[in-house]
Amino acid sequence: MRDMRPDRLAPDLLAVRFSRRQVLRRAAALGLSVPALSALLAACAGEEATPTQAPAVQPTATPTEAAAETPTAAETPAGTPTVITTPETTYSMDNPPEVFNADQASQYSGATLTYYGDSVGIGAEMDQALAGAFSEATGITINVVPKPESATENYAAYQRFFSAQSPDVDVMMIDVIWPGAFAPHLVDLSQALGEEAKAHYETIIENNTVDGKLVGMPWFGDFGMLYYRTDLLEKYGFSNPPETWDELEEMAQTILEGERGANPNFAGFVFQGNAYEGLTCNALEWLASSGGGRFIENGQVTINNPQAVEMLNKVRGWVGTIAPQGVTTYQEEDSRQVFQGGNAAFLRNWPYVYSLATGEDSPVRDMVGVAPLPAQPGNPHVGTVGGWQLAVSMYSRAPEAAIEFVRYMTSPEVQTWRAVLGSFVPTIPDVASRPEVLQAMPFLEPMEAVERVTRPSRETGERYNEVSTIVFQGVNQILTGQDAAQVLPGVAQRLQRIVG
Amino acid sequence: MSRPAIAEPRRAALPLRRWRTMTLAERQAWLAWLFLLPALLVVIAVAMIPLAQTLYFSFTDKRLGALEPEQWVGLENYRFLLSDSLWWTAVKVTVQFTVITVALEFLLGLLIALVVNSRFPGRGPMRAAMLVPWAIPTVLSAQMWKWMYNDIFGVINDLLKRVGLIEQNIAWLARPDTSLIAVASIDIWKTTPFVALLLLAGLQVIPDELYEAATVDGANRIRQFFTITLPLLRPAIVVALIFRTLDALRVFDVFYVLFGARPDMQTMAVYAQNYIVAFSDVGYGSAISVAIFLVIAIFVVAYVTTLKVEVQT
């Protein structure tokens, strides 16, 4: 006790008063469980090592979910039927589409591919069925490996494969915001699949094209859309869902005033306002639908403009009025639960909500309508693009066989099959308008004309996470009360530092 | 450890030959070093080298997974850090959180330790039960509290409305004025048992004879607490305070689960994690780590000096 130098302090005290044995004995007498006890001793050991350890410790803290997480991972819809019959075709899980390119692919017979596919649920089952059919028809063996479920871990796993130039993965699913970061390590598909690419939505192909290289084939899509309560709109005399943001504001206000008496928890409009990737997606829609631009365009930072200031201040005004104050902490699931619990008139979310909100056990199942997100007069209706692509690693030992597998997997036939049986949103307009697909996903029709906007991940490549964080942190500050005119110049300055 | 002059020229000879000419004290000194060597090597490998590397990277633009080698950028990382308002917000939030939680955890922990130190029926199960919050992984308990704090379906708003304390739902985690209180109370709920356990261990080594003697001398319970319990508990208190302060300054998980990367509710550790993991910016991240180290060092020095002053008076 007399020697108080920092390096001596803790061990000294422990030796005098709390020798480990003593702690153990006392703890045992207290009836502590072994795990709790070892945790306590581990904690003691950690502190004994003096605070100089701190800097080394900080970076290794395990994130549960990092900023790279995108809200685009498709969820398995509840109660998807396993057999659907249309006049021409019967769709079932054990009958995947015919391998149309079998002749061409058979020349690589004997090759073995490792494919990082869907991790859980119906997506994983479909991967197995499709890979099985492809192997049987071509003689190319496919190992289907479920990719890590968390997008952050998935990203990190690919980063490790690529920095080791590993041939252990040939074909992989990549998120819509990753092509820019991974482009140097992916095979250019524009020669082999350029013709097929023309059938897909142009924005997604553009998103997947980095410096003229087509680095991924779109596989299934995602976009932001507006869910609304058909019964409430009718009750308050609105015949159509809102066209403009101002209309949405008025409708939400009217419905809110009427419903608050019966349900004090009622909210007009809920969206994703937490400081995370989802807010970047929401903010992109707000700006792109009101003339506020797309954060970064043609290498120029454009986020700080009068329309963006006006729109973001308008959204700030919603928080605590038509939107609950807690909306600045909501992610997809929080906002879905509020809407599905019957506590909101409008919701901005992804297509996965549709099958859940109209499912058997949903309290609002017969009252859900879907519309494009509103746009200010003179601006297009937009939806932020999410979704997954299939890409081929540059370090693959059998790139030709891998390309044939991608050709099959992203074909209209397979996309139709996956749309009908798994509710995966097709990336090919022709597929999206097929009757059997529209029957499974009726919301696709009103969304047809919506302009799909992409986050600036291609231009900013491996620094996209940083760009997105700067944007959602700034927008979150605005939502929690700061003036957009004060915040946006700082946001633009930070972005400028990255864009250069 | 003076050596006979005649041994001087043999210093370069084989260790084994020198061994025979050594005195016992010399041999013991050598043996001590030999036995320490594995531990020293481990410390150098797992602490010293990474620390030196962190310091070096903090002067570079090192990035994870970058194809080209890092460049020396001098003090540029530190210059940006000092000018970044988000960093200073993170420092402020972390320090506020530390002061609130450590103070309340200590007071409540002491109270609980005194209670469970006295004899009452069911004391054993009680001591085990109070550790439950502390035994739950923080990530899980934080998520649980996040749901309880939810403004629409959270149980806390529901309870407060039932007893009539509030009329409108409160968005505890969204409002800037309630966020810190909300997160601090989770940490207090979770860690007070740990502080109580440390203090309880300290209480149990105080011999009963002292209290008996004090009672004979006519000292009442309050007098006994201030003249016997508190002074003898001092070592345990110091350990508890230092443990908790350092832990609180490095807090990550509960903030990360509750607030993600929300700019006004980041701690220093969340700020660092963002740059190192999410942005792969190891150079700047290392500069942040060094800065966090300095902030924690200030607290340690403050503790040690104030406690020393008390010892002397």
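Biologist: How many helices and how many strands does the secondary structure of chain B come to?

Modeller: This is a predicted model, in which local features need pLDDT of at least 70 and side-chain atom pairs count only at pLDDT 80 or more, while totals for chains, interfaces and linings use all residues. Residues are numbered from 1 along each chain as its sequence is written, and chains are lettered from A and ligands numbered from 1 in the order in which they are written. Counting DSSP runs (H or I of at least four residues for helices, E of at least two for strands, numbered from the N terminus), chain B comes to 14 helices and zero strands.

Biologist: Why is chain B said to be more spread out than a compact globule?

Modeller: The globule rule is 2.2 Å times the number of residues to the power 0.38, and the radius of gyration is taken over C-alpha atoms. For the 313 residues of chain B the rule gives 20 Å, so chain B is more spread out than a compact globule, its radius of gyration being well over that value at 27 Å.

Biologist: Which residues of chain B does the UniProt annotation "transmembrane region" cover?

Modeller: One of the annotated spans, residues 30–52 of chain B, is 100% helix and 0% strand, with its end C-alpha atoms 28 Å apart. Another, residues 128–145 of chain B, is 78% helix and 0% strand. According to the unreviewed UniProt entry, whose positions are given in the numbering used here, with shortened feature names and annotations that may be inferred rather than shown by experiment, the annotation covers residues 30–52, 93–116, 128–145 and 282–304 of chain B.

Biologist: Where in chain A does pLDDT stay under 50?

Modeller: pLDDT is the predictor's confidence in each residue, from 0 to 100, and chain A averages 84, with 82% of the residues scoring at least 70. Where pLDDT is low, the predicted coordinates should not be read in detail. In chain A, pLDDT stays under 50 over residues 1–81.

Note on methods
Contact = placed C-beta atoms within 7 Å.
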